[in-house]
Amino acid sequence: MEKETAFDSDLIHAIFKHIWTRRSLERERNGGTDAKESEFFLDQAGAGTSKKNRPTSANANALKLSCELLRVFVTEAVQRAAAIAEAEGVSKIEATHLERILPQLLLDF
């Protein structure tokens, strides 16, 4: 049995942090009524700090699980695309093969 390659948890954490930072900046830039209203309701409910002031983080188990989910997702995508390519008599997976399997793959996950 061949060894399964996992995604690096530091890389996945860096990607998550990048997305969280970008979304935070977008929220600040938009500064619409939705953000202010949600902060008002959080303050009224006594939920503590607002989203704007709260740092976003992920614990080690969540990162490990995210890495495993990505590994399974990518493995499944490659296997399905390879099956399509093989059915067409091609030995190389192309973007069109991935495009054909993607809708059902997303529904399955």
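1. F16 is partly exposed in this predicted model. Its relative accessible area is 26%. W20 also counts as partly exposed, at 25% relative accessibility. Both residues lie in helix α1 (residues 9–30). They sit four residues apart, about one turn of the helix. An α-helix has 3.6 residues a turn, so residues three or four places apart point the same way.

2. The count of aromatic pairs comes to two. F16 and W20 form a tilted one, with 5.8 Å centre to centre and 35° between the planes.

3. F73 lies in helix α3 (residues 60–87), F109 in the segment after α4 (95–108). The pair therefore ties together parts that are 36 residues apart in sequence. F73 is partly exposed at 23% relative accessibility. F109 is partly exposed too, at 43%.

4. Helix α1 passes a length check. Its 22 residues should span 32 Å at 1.5 Å a residue. The end C-alpha atoms are 31 Å apart, which agrees. Just after α1, G31 takes a positive phi of about 45°.

5. The structure holds four salt bridges. One of them joins R71 to E68, with the closest N and O atoms 2.6 Å apart. Both residues lie in helix α3, three residues apart, about one turn of the helix. R71 is buried, with a relative accessible area of 14%. E68, by contrast, is partly exposed at 35%.

6. E76 and R80 meet through their side chains in another salt bridge, at 2.7 Å from N to O. They are four residues apart in helix α3, so about one helical turn separates them. E76 is partly exposed, with a relative accessible area of 26%.

7. R80 also forms a salt bridge with D108, at 2.7 Å from N to O. This pair links distant parts of the chain. D108 is in helix α4 and R80 in helix α3, 28 residues apart. D108 is partly exposed, with a relative accessible area of 43%.

8. Which residues are linked in a network of salt bridges? They are E76, R80 and D108. R80 bridges to E76 within helix α3 and to D108 in helix α4.

Conventions. Residues numbered from 1 in each chain as written. Predicted model: local features only at pLDDT ≥ 70, side-chain atom pairs only at ≥ 80, totals over all residues. Heavy atoms only, no water. Phe/Tyr/Trp six-rings, centres within 6.5 Å; stacked < 30°, edge-to-face > 60°. Helix = DSSP H or I, 4+ residues; strand = E, 2+ residues; numbered from the N terminus. Buried < 20%, exposed > 50% of the residue type's maximum accessible area, 1.4 Å probe, protein only. Expected span 1.5 Å × (residues − 1).
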